[in-house]
Amino acid sequence: MIAEAFEIVPCGDDAFRVLCGPGAVRHALADRLRGTGEWVSVVVGKRNVTVEYDPHTERGFEASDRLKECIATPGASSVAVGRHHVLEAEFGGLAGPDLDALADRLGVTEAELVGRIEGSKLEVDMLGFTPGFAYVAGLDASLEAERLANPRQRVDAGSIGLITGQIGLYALAGPAGWPIVGRVLQPLFDRSAADPFVLKAGDTLTLRGPRVP
């Protein structure tokens, strides 16, 4: 059973990190832990899940025992099923100021580059950096890009960043170190919603926009 191989390590004074490896097992485990309603927070990482407990109401060894019991429960390592989103996007121009330079460097047209993004099987790997920022895996392996030498102090909400192997979606306006190739047209943050950020770890998505001439 996969769950039996998970290692649990302390993380500060009020959290534990479950070393479960990459892939969908992280999202399944996180869903199960959130579903108990017993943890202050549950955060998915690249190869782990971190859970926070309340040290004022529970001692560390008690929280550790409870966590071990939870991850040993049958079904803890089953595959989670996220939602699929089709996100309309504008590529290039003011929405994607780095698209043309990136296409030149890769030796493709802007339309070809956008087509490879649209054809990629994208999955939200994790959230972080800023609230709602989505690290999206599955980008076409031929699209290689590095972080900007001079990060931007602010990009618009919905901006689409791209580095090798990943798309980054900025739910909120803020600083950005990745080349910006476009912008999602639908809001990724709904202030009025009980759960305001649209994308969750484990969700899949398709970026779809008009071809660039």
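## Contact between α3 and α4

In this predicted model, helix α3 meets helix α4 through Leu99, Asp100, Leu102, Ala103 and Leu106 on the α3 side and through Glu110, Leu113 and Val114 on the α4 side. By class, the residues of this contact comprise six nonpolar and two charged, with no polar ones.

Two packed helices are described by the angle between their axes and the distance between the axes. Here α3 spans residues 99-106 and α4 spans residues 110-119. Their axes come within 9 Å and cross at roughly 95 degrees. Angles from 65 to 115 degrees count as roughly perpendicular, so α3 is roughly perpendicular to α4.

## Strand β10 and its partners

Strand β10 covers residues 166-169. Strand β7, residues 134-137, runs antiparallel to β10 and is joined to β10 by four bridges. In this pairing, alanine 134 lies opposite leucine 169 of β10.

Strand β9, residues 159-163, also pairs with β10 in the antiparallel sense, over four bridges. Isoleucine 163 has glutamine 166 in β10 as its bridge partner. The hairpin of β9 and β10 has two residues between the strands, and glycine 165 in this hairpin adopts a positive phi near 85 degrees.

## Faces of β10

In a regular strand the side chains alternate between the two faces of the sheet. In β10, Gln166 and Gly168 are on one side, while Ile167 and Leu169 are on the other.

Technical notes. Residues numbered from 1 in each chain as written. Predicted model: local features only at pLDDT ≥ 70, side-chain atom pairs only at ≥ 80, totals over all residues. Heavy atoms only, no water. Axes fitted to C-alpha atoms, helices over the stretch in contact; angles between N-to-C directions. Parallel < 35°, antiparallel > 145°, perpendicular 65-115°, else oblique. Contact = heavy atoms within 4.5 Å. Nonpolar A, V, L, I, M, F, W, Y, C, P; charged D, E, K, R; others polar. Buried < 20%, exposed > 50% of the residue type's maximum accessible area, 1.4 Å probe, protein only. Pairing = 2+ DSSP bridges.
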